[in-house]
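This report describes how two chains meet and then turns to some local features within one of them. Please consult the sequence and the structure shown below while reading.

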Amino acid sequence: MVELRGVSKTYPNGTVALRDVNLKLDKGEFVFLVGPSGSGKSTLVKLLLKEEDATEGEVYVNGYDVTSMTRQEIPFLRRSLGVVFQDFRLLPNKTVYENVAFAMIITEALPKEIRRQVPMALALVGLSRKANMYPNQLSGGEQQRVALARALVNNPALLIADEPTGNLDPETSWEIMKLLSEINHRGTTVIVATHEKSIVDEMKKRVVSISKGLIVRDQEKGLYRDEDKNNPILF
Amino acid sequence: MKIRTIRYYFKEGFANSYRNKLMSLASVLIVVASLIVFGIFVLISLNMQHNISIWKEQPQLQAFCYEQLDGTQISRVEDVIRGDDRILSYEKVDKKQALERMREKLGKDAAILDGYGADIFPVSFVIRLKDVSNSNEVVKDLEKVTGIEKVSYSQDTVEMITRASHWFSLGSSLMIIIFLVVSVFIIANTIKLTVFARRREIGIMKYIGATDWFIRWPFVVEGVIISITGAILAFILSAYGYKVVADRFSQDTFFASTNLLSLLNIEDVWLRLAVSYAIIAVVVGAMGSFISMRRHLKV
């Protein structure tokens with residue numbers, strides 16, 4: 001599903017964001033990517049979306065060889081996965097329905113298909129009744145749910161959420177996380193980059209901890225911070 | 001590309017230009033101005049060519065015999081002219097015809113010819129050449145023929161005007177190019193503003209997997225909408241303006257009577273004007289969009 005082999009990333013300004021990262025995710029997994037800001041989690045997400053290129057190593061996502069991919073292929077990689085961001089990234093002048101439908105319009109989907117899929121995605125995130133509202137009429141949690149519906153409407157095999165709850169209060173954050181978990185139960189592989197300690201600890205999923213560009217821990221049913229609390233190199 | 005996607009591009013293109021009303025309007029006006037300047041040059045150019053071709057149709061050479069020549073001498077001159085294979089056709093104007101023509105030319109002043117007979121006029125030959133370019137040579141040869149007093153030669157004027165129109169076309173092409181380049185950049189600037197206004201949206205589109213061209217096409221459509229609107233306005237204005245001028249001109253007694261200059265009717269020129277406006281508009285609009293996208297739209 002997702003595999004990184006010996007991936008390093010150095011930015012042009014000399015910042016080393018990732019060093020020799022090896023990571024493998026199987027289909028249907030739910031993985032938390034944790035680590036402090038600047039640890040390299042965002043870079044890792046960017047590599048998966050081919051927003052950045054790896055300096056070294058190989059990246060495979062959904063059967064795409066991301067490393068050797070041409071510019072023209074990038075849109076098709078991105079269509080094969082759903083992405084959710086901290087700042088929602090909804091189109092302000094489109095309604096909830098249109099925002100979700102837009103993800104299908106760009107794939108040149110059939111109108112019939114769009115009319116079928118969009119209500120399903122909205123129902124999944126519990127926003128059927130707000131389909132005709134605009135993003136600025138919604139709460140943060142609702143906006144993030146619209147973003148989720150948009151990410152899911154094309155039925156991607158992989159969902160990547162980069163700090164999905166960063167702008168939300170704890171209660172709403174929980175709702176979003178539960179939703180992500182539910183989506184995972186339906187068979188979608190989910191990667192969540194976060195530093196919400198309480199949520200990670202509670203959910204007991206696989207935790208990949210990154211620090212200073214290195215994977216310092218990869219643990220099934222892990223906690224946000226483990227014994228490496230005592231490791232002076234990392235914290 | 002599917003029809004519904006094309007429809008999407010047009011919808012977005014229109015929405016973009018509407019959202020950016022003021023700049024769009026400014027660009028449309030610049031396009032109108034450039035195209036009208038272009039149209040004026042084209043119309044002048046077309047009319048010059050039209051008149052040149054009329055002048056070329058007119059007798060190119062007229063060989064006048066000495067007026068005291070008798071019939072046999074004249075037919076000897078005629079033989080020479082007939083035998084010259086550079087001459088396409090000729091027409092003999094005898095003394096009587098010459099008098100008639102002079103009367104016609106003088107109109108109401110023809111009375112001054114009263115009392116004179118046709119004898120004072122020379123017999124002449126109106127000659128058309130196969131190829132205008134060797135007219136100088138023919139004139140020289142004809143002047144050597146015994147019995148021919150002089151050869152009048154309207155070709156000088158035609159050549160001068162042809163040369164003038166050549167320089168005119170060159171000069172106006174240069175001006176037109178400058179104007180069109182300005183239009184392209186104004187449109188590019190308008191598109192730039194749209195791109196900036198929609199940067200966020202473009203970013204989102206990229207994240208959810210829109211292809212480069214899916215993002216670009218609406219901007220191309222926007223540029224073309226601007227320039228086509230400009231072209232339509234320019235066409236209406238210049239066609240109407242030309243019609244007014246041409247009508248005035250045809251009613252003007254001086255030009256109407258002398259046949260010196262004639263203007264093409266609007267019916268003869270509108271299609272050429274419309275087609276060239278349309279082509280230029282599409283090219284200018286698309287170029288403006290492409291320049292803007294190359295610089296500002298890193299998709």
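## Salt bridge and polar contacts

In this predicted model, the interface of chain A and chain B is crossed by 1 salt bridge under the rule applied. The salt bridge joins A:R71 to B:D212, whose closest N and O atoms are 2.4 Å apart. The rule also finds 10 residue pairs in polar contact across the interface of chain A and chain B, counting pairs in which both residues have pLDDT 80 or more.

## The side of chain A that touches chain B

Three elements of chain A, namely α2 (74–79), β6 (81–85) and α3 (96–105), each supply at least two residues of the side that touches chain B. The largest share of this side comes from α2(A), which contributes 4 residues. Sorted by class, the side of chain A that touches chain B consists of 14 nonpolar, 1 polar and 8 charged residues.

## Extent of the interface

The contact draws 23 residues from chain A and 21 residues from chain B. Between them, chain A and chain B bury about 2000 Å², and 55% of this area lies on carbon and sulfur atoms. On the chain A side, A:R78, A:I106 and A:E108 together account for 28% of the area that chain A buries against chain B, which is more than any other three residues supply.

## Helix α1 of chain A

Helix α1 of chain A spans residues 41–48, and it is largely enclosed by the rest of the structure because 6 of its 8 residues are buried. The buried residues of α1(A) are A:K41, A:T43, A:L44, A:V45, A:L47 and A:L48, so that a lysine, A:K41, is listed among the buried positions of a helix that is largely enclosed. Just after α1(A), the backbone at A:K50 adopts a positive phi of about 55 degrees.

Within helix α5 of chain A, which covers residues 140–152, lies A:A147. With a relative accessibility of 0%, A:A147 counts as buried, because a residue is classed in this way when its relative accessible area is under 20%.

Once its neighbours within four places in sequence are set aside, A:A147 is in contact with A:V84, A:F88 and A:L90.

Methods
Residues numbered from 1 in each chain as written. Chains lettered and ligands numbered in written order. Predicted model: local features only at pLDDT ≥ 70, side-chain atom pairs only at ≥ 80, totals over all residues. Heavy atoms only, no water. Contact = heavy atoms within 4.5 Å. Buried area = accessible area lost by both parts, 1.4 Å probe. Salt bridge = Lys/Arg side-chain N within 4 Å of Asp/Glu carboxyl O. Polar contact = N/O pair within 3.5 Å; in protein donor to acceptor, adjacent residues only side chain to side chain. Nonpolar A, V, L, I, M, F, W, Y, C, P; charged D, E, K, R; others polar. Buried < 20%, exposed > 50% of the residue type's maximum accessible area, 1.4 Å probe, protein only.
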